[in-house]
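Hello,

Here is the structure I promised to pass on. My notes follow below it.

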Amino acid sequence: MQRYPVKIKSINKITRDVLSIVTERPSDYGFTPGQATEVSINKTGWLEEKRPFTFTSLPTNDYLEFTIKTYPLHKGVTNQLLQLKNDDSLILHDVFGTISYKGEGAFIAGGAGVTPFISIFRHLASKNEIGNNKLIFANKMKSDIILEKEFRKLLGTHFINILSEEKIENLAYGEITEGFINAKCEWSKLFYLCGPPPMMDSIEKILTDMNVHKKSVVRELF
């Protein structure tokens, strides 16, 4: 397995518990929007603690970006990431991932499960090919919504939020149901899913009940 040491160029919080980390890009290191790599911290005791994170930059950028939800109470890798600063080093590994853009559809994400879709939407926007794609984004609270302003600019009314623990005017409240998907994605033939396993299992069952063929569902657990 190849290892690619990279220095951190910038590290910033974009929500209360989500980091944007921008690093150098190794030469000949390519990826497709939606793909990920395993990342470890270049520090004693953490080199073998690899975690999968999705690229959220564009394949054409001369840097790499990762958008990472942190869990300080777990005292693990993401807590260590919170301690890092510019010029600290990460180790990247091989690229992997099954989510890639296959045509217009409805993207359904839960929390940090939106990260594979960030690069996909940015890539489509760079080619003026956003089209009729939609994003249904489920979170607990409004403050948890990752890149809300950017998604709203990219997708307009096709950016659909639903919150499970906070009622906010003009935002849906509750869980994603068959009725909700039918109302918001009436003409969608293709569905992209990423989020916590219980949510994905629930949505896949809903799509099955809606007679959506498995080949029309692009998914990956995170």
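**The largest pocket**

Helix H5 gives the largest share of the lining of the largest pocket, 3 residues. The model is predicted: local features need pLDDT of at least 70, side-chain atom pairs count only at pLDDT 80 or more, and totals for chains, interfaces and linings use all residues. Residues are numbered from 1 along each chain as its sequence is written, and side-chain values use heavy atoms, with hydrogens and water left out.

The pocket has a volume of about 550 Å³. Of its 25 lining residues, Gly111, Ala138, Asn139, Lys140 and Pro196 are the closest to its centre. Elements giving two or more residues to the lining are S8, strand S9 (159-163) and helix H5 (197-209). By class, the lining has 12 nonpolar, 6 polar and 7 charged residues.

Terms: a pocket is an open set of points on a 1 Å grid over the protein atoms alone, where a 1.4 Å probe fits, with protein on both sides within 12 Å along at least five of seven lines; lining residues have an atom within 4 Å of a point. The volume is the space filled by probe spheres set on the points. Ala, Val, Leu, Ile, Met, Phe, Trp, Tyr, Cys and Pro count as nonpolar, Asp, Glu, Lys and Arg as charged, and the others, Gly among them, as polar. Helices (H or I, at least four residues) and strands (E, at least two) are DSSP runs, numbered from the N terminus.

**Helix H2 and what follows**

H2 (residues 115-126) has 12 residues and spans 17 Å from first C-alpha to last. That is close to the 16 Å expected at 1.5 Å a residue, taken as 1.5 Å times one less than the number of residues. Because 9 of its 12 residues are buried, H2 is largely enclosed by the rest of the structure. Buried means under 20% relative accessible area (1.4 Å probe, protein chains only). Among the buried residues are Phe117, Ile120, Phe121 and Leu124. Their cover includes strand S5 (63-69), strand S8 (134-139) and helix H3 (148-155).

Just after H2, asparagine 128 has a positive phi of about 55°. Asparagine 132 sits in the loop between H2 and S8. Leaving aside neighbours within four places in sequence, asparagine 132 is in contact (heavy atoms within 4.5 Å) with Glu104, Gly105 and His158.

**Strand S6**

S6 (residues 89-96) runs antiparallel to S1 (residues 4-15), joined by 4 bridges. S3 (residues 36-41) also pairs antiparallel with S6, over 5 bridges. Pairing requires at least two DSSP bridges. Valine 39 has leucine 92 as its bridge partner in S6.

Best wishes

Methods. Buried means under 20% relative accessible area, exposed over 50%, partly exposed in between (1.4 Å probe, protein chains only).
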